[in-house]
Amino acid sequence: MRKPGLQKTFFVTGTDTGVGKTTVTGSLVRLLVAGGHRARAIKPIESGCRRRPDGTLEPSDALALRRAAGLEQCPLEQFIRYRLAEPLAPAVAAERAGVSLDLTACVELVRAAQDTTDLLLVEGAGGLLVPFTGDAQNGYQTVADFVTALGVPVLVIARARLGTLNHILLTVRELDRRGIACTGVILNAVDAETGPEGEDNARVLRTFGVRVLAELPYGVARLETSLTNVARYLAES
Ligand SMILES: Nc1ncnc2c1ncn2[C@@H]1O[C@H](COP(=O)(O)OP(=O)(O)OP(=O)(O)O)[C@@H](O)[C@H]1O
Ligand SMILES: [Mg+2]
């Protein structure tokens with residue numbers, strides 16, 4: 001039976017590209033749906049889309065997120081607003097493709113998605129200060145500007161390896177500076193090989209006042225078990 005609930009939205013950013021935003025977001029959606037919640041995730045702009053033989057662009061993240069919610073019957077346009085080919089920051093890929101990206105259109109996609117679900121996760125692109133929309137001539141809007149326009153709290157996914165403390169603290173400080181709430185950080189062992197630096201990350205981050213929600217092991221098969229408490233936390237927060 002579906003559990004009733006107020007509409008909640010969380011923005012998912014990373015400390016970098018390829019840190020597991022889609023993987024973690026998809027797992028959280030699957031857990032929430034399995035727990036009886038109405039949940040879905042969207043990716044308003046996706047760059048690095050593969051070009052299909054018919055010339056259209058295939059947004060693998062948006063497709064994975066739609067699949068995670070079991071909503072394959074819904075039009076993909078509910079999950080993504082812009083698709084870009086080159087694997088670059090969205091605003092840069094768009095400039096090079098001669099495409100104009102409208103931040104308001106991305107906000108509208110989120111607002112429409114909020115009407116369809118109780119818990120919405122919005123995946124950004126790369127990290128927080130990635131040029132998201134706009135252009136060099138008129139100025140770029142970053143992912144952080146998008147989050148500010150949405151006014152929602154942020155979940156930070158971070159690669160669990162050397163360098164991550166700096167990346168996380170920079171991200172959290174920028175959120176703080178902008179008055180954006182940080183729901184927490186998820187440390188993800190994206191790489192098979194991790195050295196001793198990974199062992200103390202969570203402890204050190206906590207001394208900086210950073211809320212570490214989970215430390216995920218290497219191997220995607222085990223992620224959902226490690227994310228059960230995070231899914232519960234999001235649903236109840
Ligand atoms: N805990 C993990 N263990 C092993 N592999 C992982 C783990 N988390 C993610 N991966 C793998 O790392 C790769 C990057 O993950 P993912 O696509 O989720 O990153 P992303 O942050 O969404 O990237 P992008 O910035 O391109 O959207 C994928 O191949 C994914 O399967
Ligand atoms: Mg992704």
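**View 1. Residues around ligand 1.** A residue is taken to be near a molecule or strand if one of its heavy atoms lies within 4 Å of it, and 19 residues surround ligand 1 in this predicted model, the closest being T17, K21, T23, N188 and G219. By class, the shell around ligand 1 divides into 7 nonpolar, 8 polar and 4 charged residues, where Ala, Val, Leu, Ile, Met, Phe, Trp, Tyr, Cys and Pro count as nonpolar, Asp, Glu, Lys and Arg as charged, and the others, Gly among them, as polar. Local features need pLDDT of at least 70 and side-chain atom pairs count only at pLDDT 80 or more, whereas totals for chains, interfaces and linings use all residues; side-chain values use heavy atoms, with hydrogens and water left out. Residues are numbered from 1 along each chain as its sequence is written, while chains are lettered from A and ligands numbered from 1 in the order in which they are written.

**View 2. Polar atoms facing ligand 1.** A polar side-chain atom of T23 lies 2.5 Å from an oxygen atom of ligand 1, an N or O atom in the side chain of K21 is 2.8 Å from an oxygen atom of the ligand, and a backbone N or O atom of G20 lies 3.0 Å from a ligand oxygen atom. The protein covers 72% of the 640 Å² of accessible area that ligand 1 has on its own (Shrake-Rupley method, 1.4 Å probe). Helix 1 (21-34) and strand 7 (119-127) are the elements that give two or more residues to the shell around ligand 1, and the largest share, 3 residues, comes from helix 1; helices (H or I, at least four residues) and strands (E, at least two) are DSSP runs, numbered from the N terminus.

**View 3. The aromatic pair of F11 and F146.** The whole structure holds 2 aromatic pairs, for which rings of Phe, Tyr and Trp (its six-membered ring) must have centres within 6.5 Å, planes under 30 degrees apart counting as stacked, over 60 as edge-to-face and the rest as tilted. One of the pairs, F11 with F146, is edge-to-face, at 5.7 Å centre to centre and with 85° between the planes. Because F11 lies in strand 1 (residues 8-14) and F146 in helix 5 (residues 143-150), the pair ties together parts that are 135 residues apart in sequence.

**View 4. Lining of the largest pocket.** A pocket is, on a 1 Å grid over the protein atoms alone, an open set of points where a 1.4 Å probe fits, with protein on both sides within 12 Å along at least five of seven lines, and its lining residues have an atom within 4 Å of a point. The largest pocket is lined by 32 residues, of which D16, T17, K21, A125 and G126 lie nearest its centre. By class, this lining has 11 nonpolar, 14 polar and 7 charged residues.

Terms used
A polar contact is a pair of N or O atoms within 3.5 Å; within protein, one must be able to donate a hydrogen and the other to accept it, and residues adjacent in sequence count only if both atoms are side-chain atoms.
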